[in-house]
Amino acid sequence: MSEDKDEITRLNPVARAILQGLYDTESPLHKLLGLHYVLKAIWNNVVDHWKSRIKKEEEADTSYVSFVKLRTQAVFPKDVVVVFPKPCKININMMPFVMGRDFRETRLPKYLLHYWDQIIKHCIMDSEVGKIGYLTIHESYVDEGTSQRRPGIHTESPGVVMLKDSKGCVMKKYFGWGGRYIKKTELEGGIFMASNVENSCRVWNCEILRPEVDSLDVVGKHGDIEHLREFLPADSETMTAGRVYWITDRTPHESLPLKKGIYRQFFRLVTSLVTAWFEDHSTKNPNGVVPDPKLTKIVKGSKFDGICCVIEP
């Protein structure tokens, strides 16, 4: 019985939903029960579409690519190994700050000075100086067999999100989460990540393409792409402790369950091209820095409760 349950769990989540619908008499899919040739055609079309939205390294134009580069020397002039500061139970998410040349310009709270000295200053690109970036630092003990951050493969961009405006009108909006380009060897936008624990995050060197006009996004709710796992490149890289990685907002990655309990420090810096800042899920800067209204809308309400977020005018 347990083996059957494990087999069901390993099924592609979309395939599992289709199979459940076939045997649910109240589901429209139940009408396809026994029509195996129709189901096969539908599934093949779905898979072909998914595969067409995965841009792999060998398929990219090397003069202008938009997938992750896992070589730290592509981010820094030389390999840089960062040393995490002594932990002090910091837990901030998407705190806005000014990407400046020195700590005073950032207007970050003083308790983040050591993070500035050790990590943040290495991630400030010339093209982002003076713009608003978003800082996440998560320090916590992680139990054996669990992950500190959200499990499952996902992208930082949540894709197309359903929102309400201040008048109650529902709209669909694509959410960018830092932009994502590498032009030759020059980084533009994107996201920087690092951890003090070896092999606690996996990254794939490819990009999930943005949806075309009037088409559905293959990225699911909150950036979920677990359904694409078996179609991603076979080669992936687990992050090395103390190394900063640059990824795009459409790069597949996942937080891994740890082999033993340990205190983990996680760092993320999202650059300026953020479509929306979820106020209820983000940490306000005590020094008054707010998202740039020219680039980023402030969204109120829980992003986990369906169509209930309101864009602040």
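Reply: Happy to! Two strands are taken as paired if DSSP finds at least two bridges between them. Please keep in mind that this is a predicted model.

By that rule, strands E2 and E3 are a pair: 6 bridges connect them, and the sense is antiparallel. Strand E3 is mostly covered, with 10 of its 11 residues buried.

Now to another group of strands. Here an open sheet holds 3 strands in the order E11-E9-E13, paired antiparallel. Its edges are strand E11 (236-238) and strand E13 (253-255), each of which pairs on one side only. From one strand to the next, the twist averages 15°. Strand E9, residues 201-204, is joined to E13 by 3 bridges, and the two run antiparallel. Across from Cys201 you will find Ser255 in E13.

Asn199 sits in the loop that lies between strand E8 (191-195) and E9. Leaving aside residues up to four places away in sequence, Asn199 touches Thr238, Met239 and Leu256. With Thr238 there is also a side-chain to side-chain polar contact of 2.9 Å. Lys259 is 60 residues from Asn199 in sequence, yet their C-alpha atoms are 9.5 Å apart in space. Is Asn199 buried, exposed or partly exposed? Its relative accessibility is 40%, so Asn199 counts as partly exposed, since that class lies between the 20% limit for buried and the 50% limit for exposed.

What about the aromatic rings? The count of aromatic pairs comes to 3. Trp43 and Trp50 make one of them, edge-to-face, with 5.6 Å from centre to centre and 85° between the planes. Trp43 counts as partly exposed because its relative accessibility is 24%, whereas Trp50, at 7%, counts as buried. Another edge-to-face pair is that of Phe84 and Tyr115: the ring centres are 6.2 Å apart and the planes stand at 85°. This pair links distant parts of the chain, since Phe84 is in the loop between strand E1 (54-56) and strand E2 (91-98), while Tyr115 is in helix H5 (residues 113-118), 31 residues apart. Phe84 and Tyr115 are both buried. Trp43 and Trp50 also belong to one aromatic cluster together with Phe231.

The protein chain has 5 helices and 17 strands. Of its 313 residues, 46% are buried. If you take the contacts between residues at least 6 apart in sequence, 75% of them join residues at least 24 apart.

Key: Residues numbered from 1 in each chain as written. Predicted model: local features only at pLDDT ≥ 70, side-chain atom pairs only at ≥ 80, totals over all residues. Heavy atoms only, no water. Helix = DSSP H or I, 4+ residues; strand = E, 2+ residues; numbered from the N terminus. Axes fitted to C-alpha atoms, helices over the stretch in contact; angles between N-to-C directions. Buried < 20%, exposed > 50% of the residue type's maximum accessible area, 1.4 Å probe, protein only. Contact = heavy atoms within 4.5 Å. Polar contact = N/O pair within 3.5 Å; in protein donor to acceptor, adjacent residues only side chain to side chain. Phe/Tyr/Trp six-rings, centres within 6.5 Å; stacked < 30°, edge-to-face > 60°.
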